[in-house]
Amino acid sequence: MERSKIQLSAEEMELVNNREWILTKHRVIEKVYQLFGSLSDQMQLHLQKKAVLLPEKVLQVPPKISKGELYKSLPYVVLDYPRIFSKEDVFAIRSFFWWGNYFSITLQLKGKYQRLYQQKIAAAITNKSLQGFYVSVAGNEFSFNLGGKNYFSTNNGMDSRYAAFEQQDFLKISYKISFEEWSSAEQKLLEVFQQMIDLTAG
């Protein structure tokens, strides 16, 4: 039986012959690593100032930067700090670069940390002090597609979705920054990080 030939489209053939686009991609990812490295230094300094107001374990694990190629089929870079991940309890802030989409930063809580801070965060959403954020009310706890149906904007407060927010076994609030804001992205990520820490400190 004759095997079918694997053919490339004209667009695919153009790309496979062009080294520069993949080298450009590598340079961009390296710059994101540099941005997240600088950001993690500033995050650690901020947490040191809040040390007495946060659970001790939150401060014990250093930042981690990692990357991958296939989040929804696209490359990504992740900075996790703080990063307490266990089956029962999660206290993490994830800064996320998602190729072709945006930067985002997400406060993720589960178990005892969710129980500790959920009411305070719900109040902040209700009184509209978290403008521009997105809240997860469904789906997987490791989904970071803020454009999906599992998230709603906090700009109108909590409204009728409070029940779904309250019944989840995890809590996630996120903020996204477009790549058009690249020059100010590090500062904005830090500001949102500080806002998230203020929600959980004290």
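Me: Two strands pair if DSSP finds at least two bridges between them. With that in hand for this predicted model, which residue in S2 is the bridge partner of serine 66?

Reply: Start with the strands: S1 and S2 (residues 74-85) pair in the antiparallel sense, with 6 bridges between them. Strand S1 covers 64-71, and glycine 68 there stands opposite tyrosine 76 in S2. For serine 66, the bridge partner in S2 is valine 78.

Me: Which strands stand at the edges of the sheet?

Reply: The open sheet has 7 strands, ordered S1-S2-S3-S4-S7-S5-S6 with antiparallel pairing. An edge strand has a single partner, so one side of it is left without a neighbour in the sheet.

Me: What angle does helix H3 make with S4?

Reply: Helix H3 spans residues 112-126. It lies across S2, S3, S4, S5 (134-136) and S7 (170-177). Its run relative to S4 is at about 125°.

Me: How many residues of S3 are buried?

Reply: Check both faces, since in a regular strand the side chains alternate between the two faces of the sheet. Val90, Ala92, Arg94, Phe96 and Trp98 point one way from S3, Phe91, Ile93, Ser95 and Phe97 point the other way, and all are buried. Buried here means under 20% relative accessible area. The count for S3 is 9 of its 9 residues.

Me: What is the phi of lysine 72 in the turn between S1 and S2?

Reply: S1 and S2 form a hairpin, and 2 residues sit between the strands. Lysine 72 is in that turn, and its phi is positive, about 55°.

Me: How many residues apart are aspartate 198 and lysine 50?

Reply: The structure holds 5 salt bridges, and the side chains of aspartate 198 and lysine 50 meet in one of them (3.1 Å, N to O). This pair links distant parts of the chain: aspartate 198 is in helix H5 (residues 182-200), while lysine 50 is in the loop between H2 and S1. The separation is 148 residues.

Me: Are glutamate 141 and lysine 110 buried or exposed?

Reply: Their side chains meet in a salt bridge at 3.1 Å, N to O. Glutamate 141 is in the loop between S5 and S6 and lysine 110 is in strand S4, 31 residues apart. With the cut-off at under 20% relative accessible area, both glutamate 141 and lysine 110 are buried.

Me: What is the relative accessible area of arginine 27?

Reply: The side chain of arginine 27 meets that of glutamate 20 in a salt bridge (2.8 Å, N to O). Glutamate 20 is partly exposed, at 43%. Arginine 27 is partly exposed too, with a relative accessible area of 43%.

Terms used: Residues numbered from 1 in each chain as written. Predicted model: local features only at pLDDT ≥ 70, side-chain atom pairs only at ≥ 80, totals over all residues. Heavy atoms only, no water. Helix = DSSP H or I, 4+ residues; strand = E, 2+ residues; numbered from the N terminus. Contact = heavy atoms within 4.5 Å. Axes fitted to C-alpha atoms, helices over the stretch in contact; angles between N-to-C directions. Salt bridge = Lys/Arg side-chain N within 4 Å of Asp/Glu carboxyl O. Buried < 20%, exposed > 50% of the residue type's maximum accessible area, 1.4 Å probe, protein only.
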